[in-house]
Amino acid sequence: MEPLVSKTEFRNAMARVCAPVNVITTNGPAGRGGFTATAMCSVTDEPPTLLVCMNRNSAQCGLFIENRRFCVNVLSHDHRDLAGHFAGATQDMAARYAAADWVEMTSGSFAVKDAIVSLDCELAEARLLGTHHILIGRVVGIRSRSDGNALLYFDRNYVHVPTQLGSFGG
């Protein structure tokens, strides 16, 4: 059966969805890793849970699943170069980590020292769906700062929103 929406149509539509840029890290018995992702969102607040999607062709999939922990680092617009390193511009993992200052979280994963927010997670579940693993993480620690503007991704480019316009309720 022919899909009703092509892969290209879907990708182009998703490029029109503005998303925060995150560096996802892990550190544990299988080693240290990290990648840049925009596919991250909350799942529930009881218990605090989020999900991250990771391409199944990534050489790091086994690392994240075996370590059973990861840290989501929401980047500020000052972290644009760091996002590029973890998106593959730099292949060597030690060189990627050398591009920022880090704080070790309770789980052993590393948080970007000046990230907007870092969410330390234990892997609750990993599911393979199509081209991606869905990593569902139970949040076990949070670091945050009260200033900074988030680095966003929209139309296949980095953008940032410098001012607040209001909220859902206001």
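Burial is expressed here through relative accessible area, a residue being buried under 20%, exposed over 50% and partly exposed in between (1.4 Å probe, protein chains only). The structure is a predicted model, in which local features need pLDDT of at least 70 and side-chain atom pairs count only at pLDDT 80 or more, while totals for chains, interfaces and linings use all residues. Residues are numbered from 1 along each chain as its sequence is written, and side-chain values use heavy atoms, with hydrogens and water left out.

Side chains of opposite charge can pair when their charged atoms come close. A salt bridge is taken as a side-chain nitrogen of Lys or Arg within 4 Å of a carboxyl oxygen of Asp or Glu, and the structure holds 4 of them. In one of these, Arg-16 is joined to Asp-155, with 2.5 Å between the closest N and O atoms. Because Arg-16 lies in the loop between helix H1 (7-15) and strand E1 (19-20), and Asp-155 in the loop between strand E11 (151-154) and strand E12 (157-160), the pair ties together parts that are 139 residues apart in sequence. Asp-155 itself is partly exposed, at 34% relative accessibility. Helices (H or I, at least four residues) and strands (E, at least two) are DSSP runs, numbered from the N terminus.

A salt bridge is also formed by the side chains of Glu-122 and Arg-138, at 4.0 Å from N to O. This pair links distant parts of the chain, since Glu-122 belongs to strand E9 (residues 117-129) and Arg-138 to strand E10 (residues 132-144), 16 residues apart. Glu-122 is partly exposed, with a relative accessible area of 37%, and Arg-138 is likewise partly exposed, at 36%. A further salt bridge joins Arg-127 to Glu-125, whose closest N and O atoms are 2.3 Å apart; Glu-125 is partly exposed at 31% relative accessibility.

Two strands are said to pair if DSSP finds at least two bridges between them. By this criterion E9 and E10 pair in the antiparallel sense over 12 bridges, and Asp-120 has Gly-141 of E10 as its bridge partner. The hairpin of E9 and E10 has 2 residues between the strands, and within this hairpin Gly-130 takes a positive phi near 60°. E10 is also joined by 7 bridges to strand E5 (residues 48-55), the two running antiparallel, and here Cys-53 is partnered with Ile-134 of E10.

Aromatic rings of Phe, Tyr and Trp (its six-membered ring) pair if their centres lie within 6.5 Å, with planes under 30 degrees apart counted as stacked, over 60 as edge-to-face and the rest as tilted. A search of the whole structure finds 6 aromatic pairs. The rings of Tyr-97 and Trp-102 have centres 4.7 Å apart and planes at 40°, so this pair is tilted. The rings of Tyr-97 and Phe-110, with centres 6.2 Å apart and planes at 75°, are edge-to-face. As Tyr-97 lies in helix H4 (residues 93-98) and Phe-110 in strand E8 (residues 110-112), the latter pair ties together parts that are 13 residues apart in sequence. Tyr-97 is buried at 4% relative accessibility, and Phe-110 is buried at 17%. Together with Phe-86 and Trp-102, these two residues form one aromatic cluster. The charged end of Arg-32 sits over the ring of Tyr-97, 4.0 Å from its centre, where such an arrangement requires NZ of Lys or CZ of Arg within 6 Å of the ring centre and within 35 degrees of the ring normal.
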